[in-house]
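Take a look at the model below. The text after it walks through one chain, then its partner.

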Amino acid sequence: MGAGLRELRQRRKSVTSTKKITKAMELIAASKIIKAQHAANDALPYTRELNKAVSAVATRSRVNHPLTNAKGERKRVALIFFTSDRGMNGAYSSNAIKTMQRMANRLHAEGKDVVRYAVGKKGIDYLTFRALHVEASWHGFSDTPRYSDAHEIADRLIADFLKPTEEGGVDEIYAVYTRMESMLTQTPRVRRLLPLEVVEGVREVGQGEIPPLYEFEPDPEQVLDELLPLYVRSRVWFYLLQAAASQLASQQRAMKSATDNAEQLIEDLTRQENQARQSEITQEINEIVGGASALNESQAAD
Amino acid sequence: MADDSLWVEVVSADGRVWEGEALSVVARTTEGDIGILSRHEPILGVLVPCAAEVLTTGGERKIVAVDGGFLSVNDNKVSILSQYATLAETISLHEAELEMASAAKALEAGNVDEETKRHYNRAAAQFKAAQKASSGLR
């Protein structure tokens, strides 16, 4: 067997095993994404009830809470962005990072200090590689987040938001997450997390619908005190769920195209391999025929 | 829906824990225990960690471990919203007891930050709920 033929065979084998791996990853992502979508759907009743309650309080009392009030001067602005823990997700993480960086550049141009919070190893790596300061980071749950993760992240953000600016607090917090529009499109988005805009919730009650006259226990202010942190956590929970679903959808797509590429490559390699083998056989036959005729000729000469 | 019943929904952050028709709901707010019957006035109350009780129209007693959150009543519908609400029947009494003991130990060790306190409250509520549920069965 010629060296060229052996090499082609080896390459085809290695591409075949790569294809098996990417195919398996594609299938895993496809099954996980269904779970992620279920999780996102299961979280809906909670969010809906919470929104209803917040708007109920907001319509009854003047919303005046540290979490809803903009601080006088915006100097330190925080960005929290959601990326994946591992690669093989196509452009998922880099898209989120790009959006984050664009936002950061804009804030820098406005003369603000930017504080970064990273969720997911890719984001942490991005910041540490560029020697950028990471205020806080979380990782290890990018494809299967749990509510307690959201709880932890949100509580840290709330605590930093409530701290005075001079003591290292932040004046505004923006979240950069990837929204799952469909299996085909996931778009990175920037949303303001804090201070909260409760106006949003009020509109959801619907036109013409009279909001019920709730009795509050103990009183509207304390109910609000209890509700708003829950509301922030549920926002973060929503971001985590969306990010997880987007990551998996992106992974499935990336792995599908990797599998398709591998298939194309295998086809090409097989063709080249057959050609090499065929030419080797032709050459051998030529040699034999040549040898035989040479023999015949020498016998005839005798 | 019958005249003397109301619709109850227990929701945790991970999804709907239980929903169905019930005769009454008892839960503990910051002001004390509150019992809700059909056609209660609209109310929005802050819950403290407790074991909430729902008496279903089928005569069953559903117990839910609640770690705070709130309760809202409107239009004969009761929603109990709690981040980690769990049905008592899904909690193992033994595990809940261990959990509570370890949380209590952490508290005693001088670890009195918000997180450990919350953990203890949650564990205690789950233990209480599991206890209530198992005594109800006997």
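Leaving aside its neighbours within four places in sequence, which residues is A:Ala78 in contact with? They are A:Val115, A:Tyr117, A:Asp160, A:Val170, A:Glu172 and A:Ile173. Contact here means that the C-beta atoms of two residues, placed from the backbone, lie within 7 Å.

This is a predicted model, in which local features need pLDDT of at least 70, side-chain atom pairs count only at pLDDT 80 or more, and totals for chains, interfaces and linings use all residues. Residues are numbered from 1 along each chain as its sequence is written, while chains are lettered from A and ligands numbered from 1 in the order in which they are written.

A:Ala78 sits in strand β1 of chain A, residues 76-82. Strands are DSSP runs of E with at least two residues, helices are runs of H or I with at least four, and both are numbered from the N terminus. A:Ala78 is buried because 24 other C-beta atoms lie within 10 Å. The cut-off for buried is 20 or more such atoms within 10 Å of the residue's own C-beta, placed from the backbone; 12 or fewer makes a residue exposed, and anything in between partly exposed. A:Gly169 is 91 residues away along the chain, yet its C-alpha atom is 9.3 Å from that of A:Ala78.

Now widen the view to the sheet. Five strands of chain A form an open sheet in the order β3-β2-β1-β4-β5, with mixed pairing. Two strands pair if DSSP finds at least two bridges between them. β3 (136-138) and β5 (186-194) of chain A each have a single partner strand, so one side of each is left without a neighbour in the sheet. From one strand to the next, the twist averages 20°. β1(A) and β2(A) pair in the parallel sense, over seven bridges. One of the residues involved is A:Arg76, whose bridge partner in β2(A) is A:Asp113.

Helices come next. Helix α4 of chain A spans residues 121-129, and its buried residues are A:Lys122, A:Gly123 and A:Tyr126. Seen down the axis of α4(A), these fall within an arc of 100°, so they line one face of the helix. The arc is that of the directions from the helix axis to the C-beta atoms. The buried residues of α4(A) pack against β1, α3 (92-109) and β2 (113-119) of chain A. Just after α4(A), A:Ala131 takes a positive phi of about 55°.

Helix α7 of chain A, residues 220-301, lies across β1, β4 (172-180) and β5 of chain A, and runs at about 35° to β4(A). Axes are lines fitted to C-alpha atoms, for helices over the stretch in contact, and angles run from 0 to 180 degrees between N-to-C directions. UniProt, in an unreviewed entry, lists a "coiled-coil region" at residues 241-282 of chain A. That span is 100% helix and 0% strand, and its end C-alpha atoms lie 61 Å apart.

Turn to chain B. Its contact with chain A takes 22 residues from chain B and 25 residues from chain A. On the chain B side, the largest share, four residues, comes from β4(B). Strand β6 of chain A (residues 215-217) runs parallel to β4(B), joined by three bridges. In β4(B), B:Leu44 is the bridge partner of A:Phe216.

Definitions and conventions:
UniProt positions are given in the numbering used here, feature names are shortened, and annotations may be inferred rather than shown by experiment.
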